[in-house]
Amino acid sequence: MNPDASELQRLQRNLTQVKDRIQTACAASHRPDSSVALLAVSKTFPAHDVALMAQAGQTDFGENYVQEGVEKIALLKQQGLSGLTWHFIGPLQSNKTRPVAENFDWVHTVEREKIAQRLAEQRPAGLAPLNVCLQVKLSKEESKSGAAPQAVEALAALVATLPQLKLRGLMTLPEPGKEAEEFEQLNALFETMKPHYPDMDTLSMGMSADLETAIAHGSTCVRIGSALFGART
Ligand SMILES: *Cc1c(COP(=O)(O)O)cnc(C)c1O
């Protein structure tokens with residue numbers, strides 16, 4: 001078998017397994033499968049793997065590093081692969097907002113006003129509004145980023161007024177061991193905010209190891225890397 005055909009088979013198998021896990025988790029919570037979107041996290045994997053995963057039927061991809069993501073998006077466009085939706089899910093510094101505003105469809109990691117303002121200014125007028133999730137820091141860990149829960153309402157109120165941004169929801173990265181507790185806290189915050197923001201429909205939480213817990217606590221978008229593409233080296 002040629003290497004592409006066996007690589008495609010491997011990715012197809014992984015995709016099916018992850019979709020089965022999502023389905024089982026949705027059934028356990030009496031939720032329709034369609035209530036959870038699958039975001040394939042392709043960071044560190046080559047554009048070629050994205051192309052094969054797209055061939056297997058996956059449309060949404062997530063990247064953590066600005067330059068790596070922008071290069072992959074450009075390469076795939078050059079190769080004629082269109083119709084993919086790109087999500088930026090990594091830490092975003094204010095001097096890197098422009099390429100994100102110009103190349104991505106979503107940003108899951110907006111955590112302060114300055115970043116939101118720059119993204120709004122830099123989003124090209126010819127493109128659809130950039131979809132934004134606010135990253136919330138529920139963990140006490142120093143290493144985690146995100147807005148403090150008590151700062152989220154003010155940030156949301158600002159983002160909702162900015163042109164070229166669409167406030168879609170909330171995102172978090174939980175502290176290991178506290179997944180259930182922090183996912184539930186984010187879900188509660190999401191439910192209190194949703195009635196005030198008409199475009200809010202996305203609760204971005206859950207990765208390869210904890211997607212079941214995330215779905216049990218209301219996730220509408222799981223971000224899955226290693227279970228789809230393999231271990232990152
Ligand atoms: C890497 C990463 C993921 C995917 O993690 P896996 O454990 O490989 O599924 C999801 N979200 C964010 C923010 C990440 O950085």
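Buried means under 20% relative accessible area, exposed means over 50%, and partly exposed lies in between (1.4 Å probe, protein chains only). Keep that in mind for the tour.

This is a predicted model, where local features need pLDDT of at least 70, side-chain atom pairs count only at pLDDT 80 or more, and totals for chains, interfaces and linings use all residues. Residues are numbered from 1 along each chain as its sequence is written, and side-chain values use heavy atoms, with hydrogens and water left out.

**Stop 1: Gln 58**

Select Gln 58. It sits in the loop between helix H2 (47-55) and strand E2 (60-63). Helices (H or I, at least four residues) and strands (E, at least two) are DSSP runs, numbered from the N terminus. Gln 58 counts as buried because its relative accessibility is 5%. Its side chain reaches the backbone oxygen of Asp 60 at 2.9 Å. That is a polar contact: a pair of N or O atoms within 3.5 Å; within protein, one must be able to donate a hydrogen and the other to accept it, and residues adjacent in sequence count only if both atoms are side-chain atoms. Now show the contacts of Gln 58 (heavy atoms within 4.5 Å). Beyond four places in sequence, they include Leu 15, Leu 38 and Met 53.

**Stop 2: Asp 105**

Go to the loop between helix H4 (97-103) and strand E4 (106-110), where Asp 105 is found. Is Asp 105 buried or partly exposed? Asp 105 is partly exposed, at 25% relative accessible area. A polar atom of its side chain lies 2.7 Å from the backbone nitrogen of Trp 86. Among the residues that Asp 105 touches are Trp 86, Arg 123 and Pro 129.

**Stop 3: strand E8**

Select residues 221-224, strand E8. Side chains in a regular strand alternate between the two faces of the sheet. In E8, Cys 221 and Arg 223 lie on one side, Val 222 and Ile 224 on the other, and all are buried. Pairing takes at least two DSSP bridges between two strands. Cys 221 in E8 is the bridge partner of Ala 37.

**Stop 4: the ligand**

Show the 13 residues around the ligand, each with a heavy atom within 4 Å of it. Lys 43, Asn 64, Ser 208, Ser 226 and Arg 232 come nearest. Pick out Ser 208: a polar side-chain atom lies 2.5 Å from a ligand oxygen. For Lys 43, the distance from a side-chain N or O atom to a ligand oxygen is 2.8 Å. Arg 223 places a polar side-chain atom 2.9 Å from a ligand nitrogen.
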